[in-house]
Protein chains: 2
Amino acid sequence: MSLAATPTMQRMNDDRIRFADIAPAVQGGKYPVKRLLGERFAVSASIFRDGDEQLGAALRFMHESEKGYQHAPMKFVGDDGWQASFMLDQLGSYQYSIVAWTDDLATWQHALKARWEAGDRELLLEFQEGASLLRELTDRVPRGAARVPLIQAAMLIGDPSHPVEESILIALNPVLTEISNDFPDPAKMVATGQSFQVVVEPTRAGFAAWYQLFPRSQSLTPGKHGTLRDVLRRLPELRELGFDVLLLPPIHPIGLTNRKGKSPSSDTEPNDVGSPWAVGNWQGGHDAIEPSLGSIDDFRMLIGAAHAHHIDVALELTLHCSPDHPYVKECPHWFKQRADGSFAYAEQPPGVHSDVYVLDFDCNDWPSQWQEILRITQFWIAMGVNVFCIDSPHSSPVGMWDWLITQVKRKQPDVIFLANGMGKTAISHELARIGFSQCLSAYPMKSTKAELEAHVNEVSTGELAQYFRPHFFTNTPDYLPVHLEHGSKAAFAIRLILAASLSPLYGIYSGFEFYEGNAAQDGSRRYQPSEIYELVQRPNEVPGSLKPLIKLINQTRRAHPSLQRLDNVTFHATSNPQLICYSKMTEDHSDRFVIVVNLDPSKVQEGFVELQLEKLGLTPDRVFLIHDLLTNQTWSWKGARNYVRLDPETSSAHFCNVRVPVFKETGHVDLLEVKPVGVPPLGGERLAINS
Amino acid sequence: MSLAATPTMQRMNDDRIRFADIAPAVQGGKYPVKRLLGERFAVSASIFRDGDEQLGAALRFMHESEKGYQHAPMKFVGDDGWQASFMLDQLGSYQYSIVAWTDDLATWQHALKARWEAGDRELLLEFQEGASLLRELTDRVPRGAARVPLIQAAMLIGDPSHPVEESILIALNPVLTEISNDFPDPAKMVATGQSFQVVVEPTRAGFAAWYQLFPRSQSLTPGKHGTLRDVLRRLPELRELGFDVLLLPPIHPIGLTNRKGKSPSSDTEPNDVGSPWAVGNWQGGHDAIEPSLGSIDDFRMLIGAAHAHHIDVALELTLHCSPDHPYVKECPHWFKQRADGSFAYAEQPPGVHSDVYVLDFDCNDWPSQWQEILRITQFWIAMGVNVFCIDSPHSSPVGMWDWLITQVKRKQPDVIFLANGMGKTAISHELARIGFSQCLSAYPMKSTKAELEAHVNEVSTGELAQYFRPHFFTNTPDYLPVHLEHGSKAAFAIRLILAASLSPLYGIYSGFEFYEGNAAQDGSRRYQPSEIYELVQRPNEVPGSLKPLIKLINQTRRAHPSLQRLDNVTFHATSNPQLICYSKMTEDHSDRFVIVVNLDPSKVQEGFVELQLEKLGLTPDRVFLIHDLLTNQTWSWKGARNYVRLDPETSSAHFCNVRVPVFKETGHVDLLEVKPVGVPPLGGERLAINS
């Protein structure tokens with residue numbers, strides 16, 4: 001009896017070794033995973049086949065700039081699990097996949113060992129079979145040193161007169177297993193059916209503090225239109241405060257037709273400056289700079305000076321066009337025409353008039369639109385911009401962004417794109433999957449403990465954590481959160497501490513440091529006055545501003561690696577709903593924080609926190625010290641349940657580094673030295689230990 | 001300016017409407033989801049596009065026996081979510097996918113409504129545009145009644161002299177929206193890139209009580225080899241006890257060469273019956289019946305009688321071949337030859353001799369092996385077997401099972417396959433994904449509360465719950481769980497209640513009802529005596545047996561839909577680690593159970609349970625009644641925290657149906673009548689309410 005295999009049978013028989021649970025992967029490898037430069041990238045998988053055969057496996061990976069795969073041997077970690085890792089030392093994308101094979105020699109050793117340990121001493125046949133496997137292996141090994149032990153072993157165990165006690169030692173020699181694993185039979189190697197991708201971005205794509213300001217408000221002369229040169233003046237201070245990215249609104253010429261007044265629904269008066277989001281007039285469009293802000297050279301100078309201060313400049317890219325934009329004359333077919341031949345304005349909330357047309361991506365000439373948006377982006381990249389804040393990307397085709405980001409990153413893998421707009425859930429996730437480095441978080445809308453915990457848990461766990469980087473802005477020019485309206489200094493401190501310690505990516509919009517919280521009375525959550533429509537000039541400093549706190553927190557974030565990640569956050573139960581408690585820890589336990597915030601800016605709140613000690617690498621029996629970086633006080637805690645009292649008058653939070661005391665032989669308590677790279681000393685060394 | 005699109009741009013622009021989070025799906029649709037006949041199958045997805053355009057969507061589905069798709073309109077459920085469902089009224093597999101489209105008329109209505117509500121009354125242009133959309137829609141609608149409202153509406157709102165207050169009512173008429181949704185523009189419809197699959201199996205694939213026995217032990221005459229006709233005699237009792245499936249070990253002729261004695265390591269003595277797993281001798285192989293058990297006709301009669309008792313007969317299929325199996329002579333090339341020309345025995349645990357050869361699936365003639373295994377399976381299907389218990393499927397190629405199950409189910413979609421063997425995790429999951437209806441659970445190895453909770457949580461949640469159906473056997477012929485060794489009746493009752501109430505699929509192996517728990521002293525967890533090697537005859541009944549409890553529990557399972565599912569289990573905290581508490585509830589809250597088990601068979605255990613009331617559809621303020629079906633007592637409970645005391649002398653568990661009393665106008669307490677379909681009355685109506 002001998003039947004031929006159908007194609008289906010043949011295909012199924014070829015899948016003798018199988019792969020599952022390959023992690024990390026987004027939607028089974030359909031989309032890339034995101035990581036930061038310099039991280040070690042760990043891949044795990046289940047690899048299995050029928051029977052008791054022993055397997056070998058390797059992770060193979062290749063940077064997009066390379067031609068051939070590199071291999072990292074995978075380590076068996078029990079059950080069907082395997083692991084390996086490699087360093088992400090280049091920006092851009094890597095492909096990775098897994099190869100596995102059946103290792104006949106290891107299989108033979110495994111069975112032989114079991115027989116030997118069960119007392120079986122009649123192993124002549126086994127040794128003969130092993131000698132034959134060793135000879136097969138020898139043929140696969142290049143001539144040289146590695147062949148010697150194989151040839152010797154085959155000869156000795158193949159000799160029936162050799163004592164069994166000696167043959168078994170030779171047969172089970174792990175050196176043979178290693179050689180076999182290093183030279184698998186190519187005919188027996190199988191690979192995952194697909195390859196996976198990891199996109200490597202600069203550190204700032206995942207860890208940065210942003211500051212947003214309007215250049216036109218930066219003049220120190222009251223009523224005078226600020227310029228890019230005025231922004232230059234602010235760089236040393238922003239660096240001193242610890243900001244990494246300076247976010248600018250659109251800086252292009254602003255339309256005159258339908259220009260808005262001092263609110264989105266009011267008429268223009270003379271001298272009204274208009275919304276920077278209504279791009280374009282006779283002086284130019286998306287590749288021009290509003291002349292009152294300065295010249296292209298001024299912009300280049302700003303970028304250069306910012307980079308010298310280790311600050312990246314992020315430019316907001318909006319696709320809105322004022323009716324005066326050059327496109328309207330040059331490419332009228334790009335805009336939607338109405339039944340009477342007029343152009344359609346952007347839909348606005350009811351009662352708000354519109355000062356812009358929107359591109360109609362359904363027009364036949366859409367490829368030209370895509371190419372033009374790419375040209376603008378590359379124009380500003382050529383000027384030195386390496387961060388783009390995309391205004392409402394949900395309003396343009398997802399495919400366009402996918403194409404554009406791919407085009408840009410092919411040549412400039414260091415460019416970062418922030419999706420600035422709170423669309424619905426699914427489209428936001430899709431924008432992250434197709435390449436946006438960061439997405440604006442709904443953090444400003446989350447006020448209560450339950451809301452904050454649910455939001456952070458959602459974005460920090462599961463598949464989302466592999467590609468979605470939420471950006472926690474405390475406030476934005478068009479959104480004054482309800483908890484900041486008429487807010488006390490405590491309210492602002494609370495929101496700063498939460499954003500900066502929960503999320504590695506956070507930002508503030510200027511005025512926050514002076515706790516500006518005056519809202520328009522139309523329910524729009526707009527600021528009044530609003531910098532979108534008029535100049536809002538501010539002094540350099542105000543007594544009691546939040547700047548010292550901002551500086552301290554940015555320094556602490558930079559010094560402590562546990563605060564530079566999102567996926568390591570754990571929330572702990574508290575006895576008081578106004579107290580929120582969470583911790584962060586590095587994998588090696590060398591850096592850990594416990595943070596407790598009183599969400600009530602107006603009252604003292606007290607209660608117990610119930611720490612999940614195992615999430616902090618702590619045990620119930622040992623004392624640990626918590627050092628509050630805000631007050632420079634240290635307490636010794638023990639066990640899960642600990643008392644906390646937070647008075648907004650003094651400090652709304654405990655922002656505590658955790659250390660475990662080591663009892664030296666002298667009997668004195670000493671602290672484990674925790675010196676993260678580049679840590680600036682925080683205050684003095686005065687550590688008062690209160691019980 | 002007019003540029004052509006590259007193929008990449010074109011492809012990305014075509015993905016204007018996108019789909020995500022399609023559920024249920026296994027590995028993004030690579031493997032089918034499993035469901036039971038008669039269930040309603042609900043599908044949800046995120047469907048989204050850029051902009052504010054309104055979408056429409058439909059779920060399309062097709063049974064494998066059909067040629068064209070049916071459509072179920074999807075309902076928008078907020079954010080980007082859509083849902084639809086259809087009835088699974090045929091066995092076999094259904095394909096499903098989703099189509100969506102942009103609805104221009106609904107988009108226009110949506111924008112018009114916003115303008116109207118914002119007070120805008122200058123809508124002439126909008127009405128003109130709407131009239132044009134209505135005319136386009138009219139062209140898509142077949143001639144007939146549905147066209148009339150469209151033509152009328154277009155005419156009226158297109159008339160500039162028509163009053164705006166009347167035009168708006170006509171324009172926003174939901175009848176127009178419905179027609180537009182019913183007749184989408186085919187040019188604008190997009191579908192998910194792939195289709196998904198759901199495999200529909202008989203109810204017993206997911207809900208059944210199994211009983212395993214050895215036919216050869218069933219004679220009532222001491223020392224006499226039992227027959228299939230003896231098994232026939234037991235059917236009425238098994239039906240009375242409430243079992244659905246009768247599992248038989250292999251019933252084929254047993255090899256003589258190397259036949260095992262009364263233990264796996266002892267030599268044969270005359271009259272030793274051998275292990276049924278050593279299949280084959282001169283009398284036949286896998287398609288023959290051991291003559292001392294009876295004939296093929298006896299087997300047919302047994303199957304027929306079992307079906308008449310609504311019992312399915314499950315046959316264990318092992319691929320082991322004794323050295324006397326006909327295959328060894330007919331197809332010696334199917335077996336692995338050793339260096340000396342002998343055949344390789346199956347690897348056994350150290351110290352255990354082997355009585356079987358294993359098929360070498362690496363041989364060149366593997367297609368014949370696959371075809372032969374399919375032939376055997378179909379042979380027994382032709383005899384009336386519709387459940388196969390596959391012995392150690394992990395030892396044969398996964399692809400072979402994939403192919404075999406597909407071949408069988410194409411013609412007999414009612415056949416059920418149980419993967420009987422506890423392999424490693426990944427391969428077990430893969431076997432379930434490629435088509436095994438059920439997989440043996442590691443339940444017999446889970447003793448503590450933490451182990452039980454972790455095991456059940458793993459298999460009842462996430463993607464696993466979509467395809468993996470664990471089978472909770474209390475014990476098997478080759479595994480006497482440590483907690484049953486020398487067990488008291490209480491220990492057996494505990495394990496029965498846990499298995500039968502945690503899992504819709506559970507089974508016992510004969511002897512369990514008489515709490516047999518004598519183990520071999522070699523650490524193998526083998527029974528002593530072991531029915532695998534010798535006859536173990538038992539009386540019909542033993543005073544104090546577990547049969548009344550088994551009957552009660554099987555009746556209760558059948559009467560209560562909440563006990564027929566696995567994915568609805570919730571564990572509740574208890575103050576005593578020996579008390580495990582869990583609940584099950586139907587989606588409509590009409591049937592709910594709270595079960596508390598004292599895991600300690602030897603001592604009274606008491607403590608508090610902390611119910612998650614929301615998981616029971618209860619509120620803290622209302623009293624609810626729990627009716628213990630084991631003792632026929634009823635208590636009134638209120639709130640989350642309730643006291644429990646369980647004495648193994650009386651009952652090791654509270655197995656409680658939950659009811660919410662309704663206060664009628666008379667002021668008396670009455671019970672909500674809960675009458676699940678086919679419920680047999682459990683004891684009397686004596687409901688003593690203790691506080």
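Visitor: Is Tyr509(A) buried or exposed?
Guide: Tyr509(A) is buried, at a relative accessible area of 3%. Buried means under 20% relative accessible area, exposed over 50%, and partly exposed in between, using a 1.4 Å probe and protein chains only. This is a predicted model, where local features need pLDDT of at least 70, side-chain atom pairs count only at pLDDT 80 or more, and totals for chains, interfaces and linings use all residues. Residues are numbered from 1 along each chain as its sequence is written, chains are lettered from A and ligands numbered from 1 in the order in which they are written, and side-chain values use heavy atoms, leaving out hydrogens and water.

Visitor: How many aromatic pairs are there over all chains?
Guide: The count comes to 60. Rings of Phe, Tyr and Trp (its six-membered ring) pair if their centres lie within 6.5 Å; planes under 30 degrees apart are stacked, over 60 edge-to-face, the rest tilted. Phe214(A) and Tyr509(A) make one edge-to-face pair, because their planes sit at 65 degrees, with centres 6.1 Å apart.

Visitor: How many residues apart are those two?
Guide: Phe214(A) and Tyr509(A) are 295 residues apart, so the pair links distant parts of the chain. Phe214(A) is buried too, at 1% relative accessibility.

Visitor: What about chain B: how are Tyr96(B) and Phe196(B) arranged?
Guide: Tyr96(B) and Phe196(B) are stacked, 5.7 Å centre to centre with 25 degrees between the planes. Both are buried.

Visitor: And which residues cluster through ring pairs in chain A?
Guide: Phe41(A), Phe61(A), Phe86(A), Tyr94(A), Tyr96(A) and Phe196(A) are linked into a cluster.

Technical notes: Helices (H or I, at least four residues) and strands (E, at least two) are DSSP runs, numbered from the N terminus.
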